[in-house]
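This report goes through a few local features of one protein model. Please have the sequence and the structure at hand while reading.

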Amino acid sequence: MKVLSEILAHKLYKKHYEAIEKFERKRIFCGHDMEHFLSVARIATILAYEETLDIAREDIYITAILHDIGRDDQYREGIPHEKASLKIASQIMGDIGLDEMRITMILEAIGHHRNLEEALKSPLSSVIYRADKLSRNCLTCKAESSCDWSANKKNMEIEY
């Protein structure tokens with residue numbers, strides 16, 4: 001996937017990704033790293049396949065690797081990371097030449113990945129929202145008892 005390589009090599013992506021790594025170096029809770037991004041992409045791909053949704057796998061992967069990229073702005077400035085990620089993702093996708101229709105669809109999914117009601121309005125948003133939550137392994141997390149996720153959000157069972 002050439003587009004993914006372009007995103008990962010983009011100067012703005014690298015800057016934010018490295019900043020997130022620094023902020024989360026000693027974080028005991030779930031991280032926002034490539035393992036998380038790729039878990040979201042893979043789970044979303046499986047959901048789309050199982051539900052026979054017409055979503056390009058590349059769009060799922062693009063959304064997944066960009067959905068939390070503004071996390072460092074949340075740590076630094078208190079900006080909700082989905083809002084910060086929108087600005088960063090828009091710039092990156094524009095720079096690499098994605099067409100406006102794809103950019104709009106991907107930005108919608110990024111912006112809604114923390115809001116179930118909004119996420120259910122489009123197939124891409126829905127699979128990203130659900131995959132983001134399913135990617136967390138609360139069942140085996142050493143910090144689960146001090147996590148601020150509500151009990152109904154925590155993944156305390158393996159779902160398949």
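## Ser126 in helix H9

Ser126 lies in helix H9; helices are DSSP runs of H or I with at least four residues, numbered from the N terminus. Ser126 is buried, at a relative accessible area of 11%. Buried stands for under 20% relative accessible area, exposed for over 50%, and partly exposed for what lies in between (1.4 Å probe, protein chains only). When neighbours within four places in sequence are set aside, Ser126 is in contact with Ala119 and Leu120, contact being heavy atoms within 4.5 Å.

The model is predicted: local features need pLDDT of at least 70, side-chain atom pairs count only at pLDDT 80 or more, and totals for chains, interfaces and linings use all residues. Residues are numbered from 1 along each chain as its sequence is written, and side-chain values use heavy atoms, with hydrogens and water left out.

The buried residues of H3 are His36, Phe37, Val40, Ala41, Ala44, Leu47 and Ala48. They sit on the same side of H3 because they cover an arc of only 135 degrees around the axis, taken from the directions from the helix axis to the C-beta atoms. An α-helix has 3.6 residues a turn, so residues three or four places apart point the same way.

Helices H2 (11-23), H4 (57-66) and H9 (123-134) are among the elements covering the buried residues of H3. On the face turned away from the buried side, H3 carries the exposed residues Glu35, Tyr49 and Glu50.

## After the helices

Just after H3, Thr52 has a positive phi of about 45 degrees. Met156 belongs to the segment after H9 and is partly exposed, with a relative accessible area of 36%.

Note on methods
Helices (H or I, at least four residues) and strands (E, at least two) are DSSP runs, numbered from the N terminus.
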